[in-house]
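Here is a short tour for someone meeting this structure for the first time. Have a look at the sequence and the fold, then read on.

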Amino acid sequence: MGKAKVKSGPLARRPDNSAFKQQRLPAWSPMLTANTVLPFFYFMALICMLLGVWLLLTVQSTQEMKLDYTEAGSCNLCYIKRQNASNAAQSCTCSVMFSIQKAFKGDVFFYYGLKNFHQNLRRYMDSRDDGQMVGRKRNLKNPSSYCQPFDKDQTGVPIAPCGAVANSIFNDSFTLSYHQPGSYRVRIPLLRRGITWYTDENVKFRNPKTENLTLAEVFKDTARPLYWQKPVYELDPDDPTNNGFINEDLIIWMREAAFPNFKKLYGVLNRADEVFAKGLPAGNYTIDINYNFPVQYFRGRKEVVLTTLTWFGGQNHFLPVAYLVTSSLILLLAVVLTVIWWKFGKAGKNMQE
Amino acid sequence: MSSSSADKPSVIKARAGLFWLQKTETVQDEEVDGEYGLVINGHSLAFALEKDLQLELLRTASAHIGVGISGQEGMQAVLSSDFSFAQFRYLQRLLLVHGRWSYLRMCKFLQYFFYKNFTFTFVHFWYAFFCGFSAQTVYDEWFITLYNLMYTALPVLGLSIFDQDVNDRWSFQYPQLYTPGQLNQYFSKKAFVRCMMKSCYSSLILFFIPWAAMHDTVRDDGKDIADYQSFALLAQTCLLIVMSIQLSLDTHYWTAVNQFFVWGSLAGYFAITFTMYSNGMFLIFTSAFPFIGTARNSLNQPNVWLTIFLTSLLCILPVVAFRFILIQLRPTINDKVRHKMRKEALPAPTKPVRVKRISTRRSGYAFSHSQGYGDLVTSRKFLLKIPVRTRPALFTETDSPLAQNQPQHYRTITEEPEGSQSP
């Protein structure tokens, strides 16, 4: 665009006569005409309807069972007990019975849910130390100041894991059992590993390097968070590889939910047993709960969700219904546009200037 | 621009749109709203120039811009004006082409800019109801930083630099296209309020559709997708895609640069997002990039893409429908010219209509030693009454190099101007 030779004379400063500088670049100049807009609208209405129908059929094939156990069955007693914070060290178990009408076919996923618990509060979300959870020794002994006041206990010992998020971990535990017809109760085996994201389990959360020490020794000069009953290296007595920061329940809890009503994965049905090889059979079930998490302070509720899944996810009817509604709205709009175009626009008013 | 009287100016104060005469007689600035007539009267111009009022002319407070002509009277006008050029006839191009395009681009830019930022902000407002009013951002902090800086900067820059609704030749053909600028039609308080309402609606869609779709569901392998980080990624992707489509609707002139900016920005968004959410960045700058793994784990869910698709449809289709209806029911002058532009490829260059001059009956006069009757003859007092001509078409010359979009051959200033150029 710049000329090689220097111009001189009265034309020295005239701008380059190039397409760029004279604003004559070749361009595509689209316009909203009837024969692009109207077919587009009809096509979109059709696509949305097809998607809506397909998604609706998919979602209808999932099965879900939600059970609010805050005060259900014998958990009422535990609920009353937990209202008093001085009872926090005492355990409380309760059980709730429920039944399933139709068998759950396929993989069954077991979630615990909370209502009205705001994991998305800004200060709450800031109160964590990712550097500590990824296994840095420096952060282990010196938690980040974001964790205050949950970074050190009263004696000044650093807390591992620090912060409000870890401190408020959900600590109810569940045991499902099935009332086999004509037989005794069968405990339902749940797979409790492999329930977190791969990146969380392998990259984001790592134990500090052990180097021939036991996990307890690595966490030697740290304290457990204030509300915990067990220290972090003893979270899972059954599975030694599930202790420390890589404990899957901890990892799942640390992934804060976006909204106050949420559910988090607790376990997956182990279909190795031939009773549950095809999923959960229909019938009566009992769930035994180790009731620890108090919810009355924030007027919350606790629930348990059993669900089957499809490629689309869980049982959420919103998207299919929304697609169907959108498709009808688009169709309506398309008809309105067609009428308007037919009556007014067909080379009508555009001719005058 | 052509006058019929011969000697002294018949006007004392002239309302010349750009050259405003501040007179020694008390002439107040009249309140003129509505249409500004652009009258450049040669006499007023000569009067002004001879009175050496150039600097005062351009120091006026009531003109919108000052235009100076560099020439034989000196360069003072050039120094104190907003625009300057060498020949008076370039004013036509300045106004009808560049001025008009500039107004159009500015208004489109403003509307789009307000829209994208209001939408972005209103989404946070809706989220406040769900996060306990704790001012938690919906989007990733890096997205907030890079949104105006990188993801939506270049496309709107491309729009503001290159956009043309009609090309310059058509702008000359239809000077009525200048009217919307005079009437403030593209951006006014009303247009601003409409933009706010559109933002409000878009933000409702951009928050509540992802909320409803995500708050009670999981990934296809049962793991979490309703967590804050996945939701933030979903919301920001929806926002950016909707804004890109909106910009694409606004752009009427797609040069290669525009295409590159728009698609490049979207591609850049995904590239930067995946980079920021990668293992490497997390391990190096742990507290700065906590969103590790989010893009990989949520963007492979068809659920998420279906939500994005629905959100885009719901935000964009009403806009398309509304614009289409406006074109059908109340086409603006721009719509009409663009429609014409599509139908006729290029107007055939019209032959220059030679202004037919009524022959003046002049008698010849003989050469004589004495002064003779030359003055009498040239005073034209004995001629036929010349009927009042209707003013000839303002722009008869449509195939001048300017109009034909051809490289303009600039004449040197010292050349004699031809008689057939615009008078």
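What share of the contacts in chain B with a separation of 6 or more comes from residues 24 or more positions apart? The figure is 73%, with contact meaning heavy atoms within 4.5 Å.

## Before you dig in

This is a predicted model, where local features need pLDDT of at least 70 and side-chain atom pairs count only at pLDDT 80 or more, while totals for chains, interfaces and linings use all residues. Residues are numbered from 1 along each chain as its sequence is written, chains are lettered from A and ligands numbered from 1 in the order in which they are written, and side-chain values use heavy atoms, leaving out hydrogens and water.

## Chain B at a glance

Chain B has 16 helices and three strands. Both kinds of element are DSSP runs numbered from the N terminus: helices are H or I with at least four residues, strands are E with at least two. Of the 423 residues in chain B, 44% are buried. Here buried means under 20% relative accessible area, exposed means over 50%, and partly exposed is in between, using a 1.4 Å probe and protein chains only.

## Helix α10 and its two partners

Start with α9(B), residues 189–214, and α10(B), residues 228–250: they pack at an angle of about 145 degrees, with axes 10 Å apart. Axes are lines fitted to C-alpha atoms, for helices over the stretch in contact, and angles run from 0 to 180 degrees between N-to-C directions. On the α9(B) side, the contact includes B:F207 and B:W211, and on the α10(B) side, B:F231 and B:L239 are among the residues taking part. By class, the contact has 10 nonpolar residues, one polar and one charged. Nonpolar covers Ala, Val, Leu, Ile, Met, Phe, Trp, Tyr, Cys and Pro; charged covers Asp, Glu, Lys and Arg; the others, Gly among them, are polar.

Now turn to α14(B), residues 302–329. Its axis comes within 9 Å of the α10(B) axis, and the two cross at roughly 30 degrees. The contact of α10(B) with α14(B) has 12 nonpolar, five polar and two charged residues.

## Cores

Which residues touch the most other members of the largest nonpolar core? They are A:F41, B:Y127 and B:F143, in a core of 81 residues. The largest share of this core, 14 residues, comes from α10(B). A nonpolar core is a set of buried Ala, Val, Leu, Ile, Met, Phe, Trp, Tyr and Cys residues joined through side-chain atoms within 4.5 Å. In soluble globular proteins, nonpolar side chains tend to be buried together.

Leaving aside neighbours within four places in sequence, A:F41 is in contact with residues of both chains, among them A:I330, A:L337, B:L317 and B:V320. A second, separate core has 65 residues, including A:V108, A:Y124, A:L215 and B:V218.

## A helix tucked away

Helix α15(B), residues 333–343, is largely enclosed by the rest of the structure, because nine of its 11 residues are buried. Among the buried ones are B:I333, B:D335, B:R338 and B:M341. The buried residues of α15(B) pack against α4 (90–128), α7 (168–173), α8 (179–182) and α14 of chain B.

Most residues other than glycine have a negative phi, and most peptide bonds are trans. In chain A, the bond from A:Q148 to A:P149 is cis, with omega near -5 degrees, and the bond from A:A160 to A:P161 is cis too, also with omega near -5 degrees. A:P149 sits in the loop between α5 (137–141) and α6 (164–167) of chain A, and A:P161 is in the loop between α5 and α6 of chain A as well.

Over in chain B, B:F133 has a positive phi, near 55 degrees, and B:A135 has one of about 65 degrees. B:F133 lies in the loop between α4 and α5 (141–151) of chain B, where B:A135 is also found. Are they buried or exposed? B:F133 is exposed at 56% relative accessibility, and B:A135 is exposed at 57%.
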